[in-house]
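Here's a quick tour of a single chain, going from the overall picture down to a few individual residues. Have the viewer open and follow along.

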Amino acid sequence: ENIQELEEQMLMQLNDRFRKYIDDKIESYRINIADPNVNAIGPDQQRFILNGLLLNDASLEEAAFINTAGIVENQVLRNNAAAGSGQIDLSADPAYLTAKESKDYTSDIEFVNNVPRITIASPVVNQKNQIIAILQTKASLAGLSDMMASAILGEQGYSYVTDQNHKIIAVSERVDKKLVGETADGKILSEAEEKAVISPDDLLAGINSPSTFSSAKKIPALNWIVAAEW
């Protein structure tokens, strides 16, 4: 019972920590134009804003301005900050379509060279609350393992986070970081899709041990699952 309580407390803390992490990212990418007469952002100003985002957020890999027709107007990349856009059409992209409805968009996790990455898109509005552009960003989540390194229990307990496909996004200390990008199998994760679960009656195979007492909880806003094993 004590183990169960400790694991549940950790899951709640991790849940809040990750939601705040993503909410803070969304807020840091939000752009509101104070002038009600501004209906567009010029190319030079776009590049200035995008390069500033890359400078201020080491996790950011790409950033782009998309016009209201869904065409990329300006794009910068971490390894090539002066990259142009071409005429990329994202009018059918879910990120653009969601942001065009005045909603923030966060994607499911994608893995690039086994590094988890998330796409975030937000509407750019003027003082009249009119959407004048869409800002789309792609950020690495490689730093999440460092953020949750101390999320351990007792002498052997540890924690990890998976995406919607049970692929491991981040791990605490005592878990090899090489497992990031691998699929974590187990009944506990599948059951956690519906509700917070524990394994009080039988020991389950964990990602770090052949038998563990496990707890898991879904983060509905992100479609992730946080798990603790001892």
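## The overall picture

How many helices and strands are there in the chain? There are five helices and 11 strands, where helices (H or I, at least four residues) and strands (E, at least two) are DSSP runs, numbered from the N terminus. Before going further: this is a predicted model, with local features needing pLDDT of at least 70 and side-chain atom pairs counting only at pLDDT 80 or more, while totals for chains, interfaces and linings use all residues. Residues are numbered from 1 along each chain as its sequence is written, and side-chain values use heavy atoms, with hydrogens and water left out.

The C-alpha trace spans about 65 × 35 × 25 Å along its principal axes. Of the 230 residues in the chain, 47% are buried; that label means under 20% relative accessible area, with exposed being over 50% and partly exposed in between (1.4 Å probe, protein chains only). The accessible surface comes to about 11600 Å², and carbon and sulfur atoms account for 47% of that (Shrake-Rupley method, 1.4 Å probe; for residues, only the protein chains shown count as cover). As for contacts (heavy atoms within 4.5 Å), take those with a separation of 6 or more: 53% of them are between residues 24 or more positions apart.

The buried residues of H2 are Gln46, Ile49, Leu50, Leu53 and Leu54. They cover an arc of only 135 degrees around the axis, so they sit on the same side of H2; the arc is taken from the directions from the helix axis to the C-beta atoms.

What do those buried residues pack against? Their partners are helix H1 (2-28) and strands S1 (60-66), S2 (72-77) and S6 (131-140). On the face turned away from the buried side you'll find the exposed residues Asp44, Phe48, Leu55 and Asn56.

Asparagine 74 is buried, at 5% relative accessible area, and its side chain makes a polar contact of 3.0 Å with that of glutamine 46. Such a contact is a pair of N or O atoms within 3.5 Å; within protein, one must be able to donate a hydrogen and the other to accept it, and residues adjacent in sequence count only if both atoms are side-chain atoms.

## One aromatic pair

The structure holds one aromatic pair. Phenylalanine 18 is in helix H1 and tryptophan 224 in strand S11 (residues 224-229), so the pair ties together parts 206 residues apart in sequence. Both phenylalanine 18 and tryptophan 224 are buried. For the record, rings of Phe, Tyr and Trp (its six-membered ring) pair if their centres lie within 6.5 Å; planes under 30 degrees apart count as stacked, over 60 as edge-to-face and the rest as tilted.

## Loop residues to look at

Serine 102, in the loop between helix H3 (94-100) and strand S3 (105-106), has a positive phi near 65 degrees despite not being glycine. Arginine 174 also has a positive phi, near 80 degrees. Arginine 174 sits in the loop between strand S8 (168-171) and helix H5 (187-192) and is partly exposed at 34% relative accessibility.
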